[in-house]
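Please look at the model before reading on.

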Amino acid sequence: MSSASRFTSFLKLIEGPQTLGKGPKFWSGFGVVLLAACAYPFFADSYDVGNNVYFFNWLFMAMGLSLIWGYGGALSFGQTAFFGVAGYAYGVLTINLGDAYGLTLISLVLAVGISALFATILGYFLFFGRISGVFLGIVTLSVTLVLERFMAQTAGPEWAIGKARLNGFNGMGAMPSLTIPWPGGNIVLYPDVTLYYVTLVLLLVCYLGLRILVNSRFGNVIVAIRENPMRAEMLGYDVRKYQLATFVIGSALAGLSGVLYTSWGNYITPASMGMTAASLPIVWVAVGGRSDLTTTLVGTLAVLIVFQSLTIYGSQYALIVMGTLLVITVLIAPRGIVIALLSPFMRRKSKLEGER
Amino acid sequence: MAILETRQLNKHFGGLHVTGNVDFALQPGEMHCLIGPNGAGKSTFFKLILGEHLPDSGEILYDGEEITRAKPFERIRKGISVKFQVPGIFKELSVQQNLTIALQHHVAPEILQEEIDRLLEFLKLSQDRKQLAGNLSHGQKQWLEIGMAVALKPRLLLLDEPTAGMTPDETFATGEMLQELNREGMTLLAVEHDMAFVRQIAHQVTVLHFGKIFAQGTIDEITADERVAAIYLGEVDA
């Protein structure tokens, strides 16, 4: 096969059996939504645009959890551990290295790399130790809670790495924002329109990249493992390696969320790895429909916006609504509310396909 | 040389001796059935060959190479394949995807679809390629799993009660499928209860009883053996 046709078949994986949206209608709709997202800053106050980048920051972690849980069938309750590790790593690195010469971008890569390395070590013991099902959830949740407790007790001056004070319960602040070196003056990505576009592009790249990944041979194997790990192994696949790779990719995305969040708010706290923080991604992903990247994105964005609006009336009240939403989803639409809403259309479509 | 051989294979679960000093050899090209009453140790013996359980002592050789401690997926890569008793398929995926996953790591992308079509025809599932595997009838699920196991082009196919829950017509059709595979050179080892099916396919039969080989021979020799009839009636001790 020539390299050109190889590239074409690679791009074709953007549609496939593991992703719901396909065909001209889906991509037209996708184009409209993307255009609307690109046009949004022209019609909104730049302060609001910068604030709303907050919602985008979480979507990477949600997509990562969709990959691990929805596609791979392994419920990780502790994705916030990688979020927090990467957030703190970015803080420590940038406070020490500064923001010149593109060092914040290098810190971003290193921080995501550190969270991926942490996921590799943890995942090795989990998957090569054949821990699965509810025990995987318990171990990952424990890890994130241990990290939260540990970081919460780092208040004293002895808890510093170079110039970076960890600051215990109050969290670490004053790290520089992401800064792009540019001739004639660095572009500092404060929460405003430029950061909005950069995050949007990153989101687009990760979303399309993950679509290709889940429709590739690798994606076929991870859904096979979700469906029947024993059969997958008896087809000659080393299930543990595939599970580990999925976990590391998903956790690196949680790490990316952590870095973007920390850079956006110049702030990271132990609470970002706590019980509440660890539960919320489960709600976002379950409500949307964890077994598809697009429904995960739509669901997560919708739940985040509702949650944020509700916190105006009080955060505890909003959390009760989130819990209720999760219970309703599990009882009424276990595959996710967005998927349940779409299923009448999908049934009609598959019926038509059958008649063809 | 035997394609599969076990030497003094032993497995205990607590105080229970489920496989006791089993010396077994399977010749290339053979269709061999393992029979025995419930609790005879057939499933454990299968799981030992597959690597799902590790033996307490003894050796397992595949094509002369020792695989006693090899991981299950390593044994599969060497040329062994298996069909489980309860259909081990990917229920939420289409029939086509099930076969794709079985084929993709050893078939070039250019001929993947051709291979899938060939298998679908062999399995009589061409009309159902877009169906979710979970929506197939029980017999079709069994066939799909046979197809997935065969897709690996194994030299040795292990089948754990391949006709469990099938209608007599489906059972017969399955027998014909397996005979065709055997004619193409595949060695088959099946655990089976249905004696009509055993008569249809088996060249050789091994009877297991209390984890030990109780009798071996052709189906006619086995059915003529009064001691074998007696163990099914619970009249012979180990």
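**Sheets and helices of chain B**

Chain B holds an open sheet of four strands in the order β2-β1-β4-β5, with antiparallel pairing. Its edge strands are β2 (16–26) and β5 (65–66) of chain B, each of which pairs on one side only. Strands (E, at least two residues) and helices (H or I, at least four) are DSSP runs numbered from the N terminus, and two strands pair if DSSP finds at least two bridges between them. This is a predicted model, in which local features need pLDDT of at least 70, side-chain atom pairs count only at pLDDT 80 or more, and totals for chains, interfaces and linings use all residues. Residues are numbered from 1 along each chain as its sequence is written, chains are lettered from A and ligands numbered from 1 in the order in which they are written, and side-chain values use heavy atoms, with hydrogens and water left out.

- Strand β1(B) (residues 4–13) runs antiparallel to β2(B), and seven bridges join them.
- Thr6(B) has Phe24(B) in β2(B) as its bridge partner.
- Helix α1(B) (residues 42–50) lies across β1, β2 and β4 (57–62) of chain B, at about 115° to β1(B).
- Such angles run from 0 to 180 degrees between N-to-C directions, with axes fitted to C-alpha atoms, for helices over the stretch in contact (heavy atoms within 4.5 Å).

**Six-stranded sheet**

- A second open sheet has six strands in the order β6-β7-β8-β3-β9-β10 (chain B), with mixed pairing.
- At its edges are β6 (80–83) and β10 (212–217) of chain B, each pairing on one side only.
- Four bridges link β6(B) to β7(B) (residues 156–160) in the parallel sense.
- Ser81(B) stands opposite Leu157(B) in β7(B).
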